[in-house]
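Here is a short report on one protein model. It covers the sheets, some backbone angles and a few surface sites.

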Amino acid sequence: MTTPFDQEPPPECPAHGLGAGGLRRLYGAEAENDPMGVYEKLRAEHGPVAPVLIHGDVPAWLVLGHTENLYMTRTPSLFSRDSRRWARLHDGSIAPDNPLTPVFTWQPMCVFADGAEHARTRSAVTQAIDRIDTRGTRRFINRYSNRLVNDFCEQGRADLVGRFAEHLPMMVICQILGMPEEYNERLVQAARDMIKGTETAIASNAYVMAALMRLVAARRAAPENDFASRLIQHPAGLTDDEVSQHLRLTLIAAYETTANLIANVLRMVLTDPRFRAQLSGGHMTVPEAVEQTLWDEPPFTTILGRWAVCDTELGGQQIKAGDALLVGIAPANVDPVVRPDPHASMMGNRAHMSFSGGAHECPGQDLGRAIAEVGVDALLMRLPDIELAVEEHELRWISALMSRHLVELPVKFQPQPQQDVTKPPDPAASRRPQPEWEVTMSAPKTETEPAPVPQQPAPFQAPPQPQPVAHIPAQRRPSAPKRLWQSVSRWWRGY
């Protein structure tokens, strides 16, 4: 059986971004500047599965098709997560200092396991996640969001990537894991750096692991009510090494995806008039905006993480035992087979690949959604007149094998006063020239107090016995439609 990896490179090939055998690289200038363009070239040239080169010109397969990605992620008998199966690790093709080493090196955790071992270790993670207090978490997400906004709200200008999107997820995750004291700028940058495939990725990984090992030692000696303690105490009997590795997995997966997601949602709000109009006009909720962004600009573009168990076929390509495959999240989300119009609204559709699929689908995806939804909502409530401070074409991106994120998102707005982060936010306290972020509703025919409503507000109906709304000092009592929206907002944020 021959594959494109066996072919000799064409003589003096002038094509940009091509390596040995004329294969396209998933790193370098072309892939970093226009990854989606590279994906579409690969799709046109090879179909739903394409041979590519990753860092160090190491050959791998990029799975572009939505159906093919689902099949691969749902068939562990053919496509394993155990990186020790990678043939290139045994033939000397991969240097020990390859910048992707932190990503593919086998570690004792669930993402590198299949079968019974995967079930044992993943159960500890999923059950620890299930015990997170959702309402309480939403409250401190909102508190941290407002704390970050307080740092720049009086200035009238800010970079929402460097001062908001990059920091909110790390603040929340450190709190959940049980290490709020470790949160700092160095940890934020190390978490971003270690999966980029940079020269400093290995050192960044060591910094993150040192912080997590300190946490494990502390919780082994004195357990508390946090994620780390639950992993340690789980009946699966995880070793200290297994606990620290799963903490790293949780920290990096939750942080990188959520930081990118927040930045992408805010960028779409600020640059797409239709997107912003739907959101401000009440035709789209913040959770729906987040879901649309997961389709259009997923936080992870690809994931290196499947290895062929035996010789097989996928998407018309002959895959050899020991070959590496990448889950093509971004290209799968725009696969013409399932999404003929890439610009069409996907509202209400969660069939995207943004959290992978199969037995290894991200177990913490709802937490990531919550951080993005509450964070974006809190920011827009505080700064309703926010707008981009530069032209859209001036925005810059950094792309790596697994992700693509904004470098900066400069914005301007009318300066706002700081708010007490220990109390629920007061939207009326902001000086707003235009209430763009309020969902307006038709005025009811009666002033009777509306009944409590579910998350999706029902049409206004007068209850048999009106209930008074708590009075907010120094404010005029809002109209009935405004009270209804405030009631929904308080329910959504958990206070």
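V49 has V63 as its bridge partner in β3. This contact belongs to a predicted model, as does everything below.

**The β2-β3 hairpin**

β2 and β3 form a hairpin, with three residues between the strands. G56 sits in the turn and has a positive phi of about 80 degrees. D57 also has a positive phi, about 55 degrees, although D57 is not a glycine. Most residues other than glycine have a negative phi. D57 is placed in the loop between β2 and β3. Is D57 buried or partly exposed? Its relative accessibility is 27%, so D57 counts as partly exposed. The cut-off for buried is under 20%.

How many residues of strand β2 are buried? Six of the six residues of β2 (residues 49-54) are, so the strand is largely enclosed by the rest of the structure. The side chains split into two sets. V49, P51 and L53 point one way from β2, while A50, V52 and I54 point the other way. Both sets are buried. In a regular strand the side chains alternate between the two faces of the sheet.

β2 also pairs with β1, through two bridges in the parallel sense. Here R24 has V52 as its bridge partner in β2.

**The six-stranded sheet**

These strands belong to an open sheet of six strands. The order is β1-β2-β3-β9-β6-β4, and the pairing is mixed. The edge strands are β1 (24-25) and β4 (79-80), each of which pairs on one side only.

β6 (residues 303-308) and β9 (residues 324-327) are antiparallel and share four bridges. I303 is partnered by V327 in β9. W307 stands opposite A324 in β9. β6 also pairs with β4, again in the antiparallel sense, over two bridges. In that pairing, the bridge partner of F79 is A308 in β6.

What is the burial of β6? Six of the six residues of β6 are buried, so β6 is largely enclosed by the rest of the structure.

**The three-stranded sheet**

A further open sheet has three strands, in the order β5-β13-β10, with antiparallel pairing. Its edge strands are β5 (157-159) and β10 (387-388), and each pairs on one side only. β10 is joined to strand β13 (residues 410-412) by two bridges, and the two run antiparallel. E387 has K412 as its bridge partner in β13.

S356 is another residue other than glycine with a positive phi, near 65 degrees. S356 is placed in the loop between α15 (329-333) and α16 (365-382). At 10% relative accessibility, S356 counts as buried.

**Helix sites and a charged patch**

Where does R135 lie? R135 lies in helix α6 (residues 134-150). Its relative accessible area is 42%, so R135 is partly exposed. R135 gathers with R139, R143 and R147 in a patch of positive charge on the surface.

Q189 lies in helix α9 (residues 185-193). S204 is 15 residues from Q189 in sequence, and their C-alpha atoms are 8.2 Å apart. G115 is found in helix α5 (residues 115-130). G115 and P76 are 39 residues apart along the chain, with 8.3 Å between their C-alpha atoms.

The table gathers the relative accessibility of the single residues discussed here.

| Residue | Relative accessibility | Class |
|---|---|---|
| S356 | 10% | buried |
| D57 | 27% | partly exposed |
| Q189 | 31% | partly exposed |
| R135 | 42% | partly exposed |
| G115 | 53% | exposed |

Why is G115 classed as exposed? Its relative accessible area is 53%, and exposed means over 50%.

Key: Residues numbered from 1 in each chain as written. Predicted model: local features only at pLDDT ≥ 70, side-chain atom pairs only at ≥ 80, totals over all residues. Heavy atoms only, no water. Buried < 20%, exposed > 50% of the residue type's maximum accessible area, 1.4 Å probe, protein only. Patch = residues over 30% accessible without salt bridge, like charges linked within 9 Å, V, L, I, M, F, W, Y side chains within 5 Å. Areas by Shrake-Rupley, 256 points an atom, 1.4 Å probe, with all protein chains shown as cover. Salt bridge = Lys/Arg side-chain N within 4 Å of Asp/Glu carboxyl O. Lys, Arg positive; Asp, Glu negative; His and termini not counted. Charge placed at Lys NZ, Arg CZ, Asp CG, Glu CD. Pairing = 2+ DSSP bridges.
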